[in-house]
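Please open the model in a viewer and keep a selection panel at hand.

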Amino acid sequence: MAFFNSLNRFGDYCMFLWRCFSIPEKWKEFFKRYLDEISKLGIDSIPLILIVSLFIGSLCTILIKLNISNPLLPRYSVGLTTREIILLEFSSSILCLILSGKIGSNIASEIGTMRVTEQIDALDIMGINSANYLVMPKITGLITIMPFMVVICMATSLFGGWLICILTGIVSPDTYIYGIQTQFTEWYVWFALIKSLFFAFIISSISSFYGYSVEGGSIEVGKASTDAVVMSNIMILVADVILTKLMLQ
Amino acid sequence: MIEVKGINKSFKENGSYRQVLYDINAKFYDGKTNLIIGQSGSGKTVLVKNIVGLFKPDDGQILYDGRDITVMDRKQLKELRKEIGMLFQGSALFDSETVLGNVIFPLKMFSKMSHEEQRERAQFCIDRVNLTGSENKFPSELSGGMQKRAAIARAIALNPKYLFCDEPNSGLDPKTSIVIDELLSDITHEFGITTIINTHDMNSVMGIGENIVFINKGHVGWIGNKDEVYSVDNDDLNNFVYATDLFRDVRKYRRQHGYTPTRQQ
């Protein structure tokens with residue numbers, strides 16, 4: 001029974017996406033909302049990204065230094081390992097898991113509140129495709145801005161590692177810089193950027209779907225918001241495994 | 001005119017079907033305030049949602065000046081909806097937009113007017129509902145009555161042929177309710193709109209009920225107008241209309257004096 005319910009829900013999600021990806025009623029209005037969403041979902045998240053990235057970059061550097069204190073390993077391996085962790089996992093997957101909490105709950109609660117206060121019905125009655133009008137700018141906006149957020153995350157995390165080297169002296173800053181330049185694989189940056197596009201789609205579409213299909217009142221909106229974040233996180237991890245297997249092996 | 005013919009509607013609940021509407025037949029006339037009345041849970045909201053196309057009936061026809069909404073494809077439905085305005089129970093104003101933004105929204109989406117013309121039309125609608133001066137206020141800054149008026153302004157912005165109102169007086173004090181009723185009545189007569197009001201407010205029924213459809217347990221219980229309500233011999237309707245002491249006194253007064261007290265400002 002649970003299997004059929006899940007299948008039914010997935011079917012609803014596909015139908016919802018089908019409605020989202022139709023031609024906008026007015027392109028001018030779409031671009032206005034698209035830019036608004038880039039600002040709201042992306043630009044407004046930059047302070048969070050800066051704080052989280054700075055500390056995670058610092059932590060990575062400290063923990064790697066603590067765990068690979070081996071005379072056989074070169075000292076620059078701290079910078080090199082920090083870079084690989086940040087490029088391969090943190091800047092895309094972990095960042096998106098964190099952002100799904102902020103952005104996902106924001107999207108689900110906003111659309112859910114519009115649903116329970118009949119604002120979505122008002123759009124439908126006017127003859128507007130509400131799924132397209134409300135959701136497509138969010139999906140396209142987040143997909144557009146996510147790679148930039150990933151680049152900011154990469155730069156800030158590496159800067160955090162460098163800063164902790166200066167502040168604590170666990171590794172000399174020059175050695176750290178040498179480490180993050182050594183054996184650099186450009187493809188890893190592309191890998192993180194490509195993954196982030198998929199994760200942006202997952203966060204925005206799943207959260208929108210949960211918000212759009214709310215029935216009831218404020219309690220259901222809260223539940224939808226939580227469910228949206230949980231489901232987005234699960235799907236990000238599943239997609240991460242699949243994409244890593246496909247693109248790195 | 002909107003004509004409803006033989007509408008049945010049921011919903012799936014816990015694996016079985018529960019019928020909510022049974023063979024509904026009714027006519028809603030141009031330039032008149034048509035009221036759908038009935039107790040909570042009687043099926044009147046489901047009926048309105050069927051009429052506007054938010055629900056699809058199991059069978060029957062819903063004719064908008066001869067055009068059957070139940071067989072329309074998405075494109076035809078979209079065209080028809082441009083002729084429909086709707087006032088929701090909770091106003092359903094867009095929180096992120098000002099009053100002007102809300103009223104101008106349908107014009108931006110569907111009209112071919114220039115920006116200046118859109119502003120003029122929106123301002124006309126705002127003035128018409130007596131909200132002049134509140135153009136730049138957000139819905140959260142408005143009282144319940146003002147929100148309803150803003151929603152009415154948005155509903156009439158595109159000059160609709162059909163106006164639907166779901167419980168327009170819910171949550172309003174009696175005086176504000178009268179203001180909203182009279183506004184809806186005036187707009188209906190002024191623009192010749194087919195207005196359908198879903199309500200269980202007896203003040204509205206007695207004040208503006210030019211054509212009343214009483215829904216009882218999913219069936220059409222009675223059809224008439226506000227003058228006939230006092231004399232009709234229908235137990236279900238009487239139990240609904242005269243549920244309060246006030247209206248029982250009105251009936252008694254009318255029977256004693258042969259007329260109905262009217263509203264006075």
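Predicted model: local features only at pLDDT ≥ 70, side-chain atom pairs only at ≥ 80, totals over all residues.

Residues are numbered from 1 along each chain as its sequence is written, and chains are lettered from A and ligands numbered from 1 in the order in which they are written.

**Chain A**

Begin by selecting chain A, which has nine helices and zero strands. Helices (H or I, at least four residues) and strands (E, at least two) are DSSP runs, numbered from the N terminus. The C-alpha atoms of chain A fill a box of roughly 70 × 45 × 35 Å along the principal axes.

Next, select residues 130-168 and 186-212 of chain A, which are helices H6(A) and H8(A). They pack at an angle of about 150 degrees, with their axes 8 Å apart. Axes are lines fitted to C-alpha atoms, for helices over the stretch in contact, and angles run from 0 to 180 degrees between N-to-C directions. H6(A) and H8(A) are therefore roughly antiparallel to each other, a term for angles over 145 degrees. Residues in contact have C-beta atoms, placed from the backbone, within 7 Å. Among those of H6(A) that meet H8(A) are A:Leu142, A:Met146 and A:Pro147, and the H8(A) side includes A:Leu197, A:Phe201 and A:Tyr212. The residues of this contact divide into 15 nonpolar, four polar and one charged. Here Ala, Val, Leu, Ile, Met, Phe, Trp, Tyr, Cys and Pro count as nonpolar, Asp, Glu, Lys and Arg as charged, and the others, Gly among them, as polar.

Now select H4(A) (residues 77-116) and H9(A) (residues 218-248), whose axes come within 8 Å and cross at roughly 145 degrees. The contact includes A:Gly101, A:Gly104 and A:Gly112 of H4(A), and A:Ser225, A:Ser232 and A:Asp240 of H9(A). By class, the contact of H4(A) with H9(A) has nine nonpolar, eleven polar and one charged residues.

**Between the chains**

Show both chains: the contact takes 14 residues from chain B and 13 residues from chain A. On the side of chain B, helix H2 (74-81), E6 and helix H3 (99-110) each supply at least two residues. H3(B) gives the most, with three residues. This side of chain B divides into nine nonpolar, one polar and four charged residues.

**Chain B**

Select the open sheet of six strands in chain B, whose order is E6-E7-E8-E3-E9-E10, with mixed pairing. Two strands pair if DSSP finds at least two bridges between them. The edge strands are E6 (84-87) and E10 (219-224) of chain B, each pairing on one side only. E6(B) pairs with E7(B) (residues 162-166) in the parallel sense over four bridges. B:Met86 stands opposite B:Phe164 in E7(B).

Finally, colour chain B by domain: domain 1 is 27-55 + 64-83 + 163-265 and domain 2 is 92-159, with bounds from an automatic or database domain assignment. Their C-alpha centres lie 25 Å apart. Eleven residues of domain 1 of chain B are in contact with eleven residues of domain 2 of chain B. On the domain 1 side, H6(B) (residues 174-191) gives the most, with six residues.

Note on methods. Contact = placed C-beta atoms within 7 Å. Parallel < 35°, antiparallel > 145°, perpendicular 65-115°, else oblique.
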